[in-house]
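Thanks for coming. I will take a few minutes on one structure, so please have the sequence and the model in view.

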Amino acid sequence: MDSFPAFLPLAGRCVVVIGSGEAADAKARLFDGSPATMIRLVGPDRDVLATADLVFIALPDGPELDAALALARSGRAL
């Protein structure tokens, strides 16, 4: 399977976008006007990711990306 389309209800959900630049901006724009609470982070934050329902990570390869992935996977986020 090359892709997995998903439709998730956004009301009452916390969406986190981690990173900066055009990739992070594009993901954040997807949630403008949605009923989700959108949080924008420059780097990973354990407390915020613990409450996230959906996480998008727009970081370059490296230790910060690895840390963000590990934190996102340890929580309840998709």
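Start with Gly19, which stands opposite Ala58 in β3. This is a predicted model, and everything I quote is computed from it. The strand pair around that position is β1, residues 14-19, with β3, and the two run parallel, joined over five bridges.

Now widen the view to the sheet. Three strands make it up, in the order β2-β1-β3, with parallel pairing, and the sheet is open. β2, at 37-41, and β3, at 54-58, are the edge strands; each has a single partner, so one side of each has no neighbour in the sheet. On average, neighbouring strands are turned by 15 degrees against each other, direction ignored. Helix α3, residues 63-74, packs on this sheet and touches β1 and β3. Its direction makes about 175 degrees with that of β3.

Back to Ala58 for a moment. The C-alpha atoms of Gly21 and Ala58 are separated by 8.2 Å, and the two residues are 37 apart along the chain. Gly21 sits in the loop between β1 and α1, the helix at 22-30. Is Gly21 buried, exposed or partly exposed? Its relative accessibility is 35%, so Gly21 counts as partly exposed.

Next, the core. The largest nonpolar core has 14 residues, and those touching the most other members are Val16, Ile18, Leu41, Leu49, Ala52, Val55 and Leu59. The elements that give two or more residues to it are β1, α2, at 46-49, and α3. Which element gives the most? That is α3, with four residues.

Leu59 is worth a look on the screen. Leaving aside residues up to four places away in sequence, Leu59 touches Ile18, Gly19, Val42, Glu64, Leu65 and Ala68. Gly19, where I began, is one of these contacts.

On to the aromatics. A search of the whole structure gives one aromatic pair. The rings are those of Phe31 and Phe56, with centres 5.7 Å apart and planes at 45 degrees, so the pair is tilted. Phe31 lies in the loop between α1 and β2, while Phe56 is in strand β3, so the pair ties together parts 25 residues apart in sequence. As for accessibility, Phe31 has a relative accessible area of 10% and is buried. Phe56, at 22%, is partly exposed; the cut-off for buried is under 20%.

Last, charges. How many salt bridges does a search of the whole structure find? Two. One joins Glu22 and Arg29, with the closest N and O atoms 2.8 Å apart. Glu22 is exposed, at a relative accessible area of 52%, whereas Arg29 is partly exposed at 46%.

In the other salt bridge, the side chains of Asp25 and Arg40 meet at 2.7 Å, N to O. Asp25 belongs to helix α1 and Arg40 to strand β2, 15 residues apart, and the pair links distant parts of the chain. Both ends have some accessible area: Asp25 is partly exposed, with 28% relative accessibility, and Arg40 is partly exposed as well, with 35%.

How values were computed. Residues numbered from 1 in each chain as written. Predicted model: local features only at pLDDT ≥ 70, side-chain atom pairs only at ≥ 80, totals over all residues. Heavy atoms only, no water. Pairing = 2+ DSSP bridges. Axes fitted to C-alpha atoms, helices over the stretch in contact; angles between N-to-C directions. Contact = heavy atoms within 4.5 Å. Buried < 20%, exposed > 50% of the residue type's maximum accessible area, 1.4 Å probe, protein only. Core = buried A, V, L, I, M, F, W, Y, C linked by side-chain atoms within 4.5 Å. Phe/Tyr/Trp six-rings, centres within 6.5 Å; stacked < 30°, edge-to-face > 60°. Salt bridge = Lys/Arg side-chain N within 4 Å of Asp/Glu carboxyl O.
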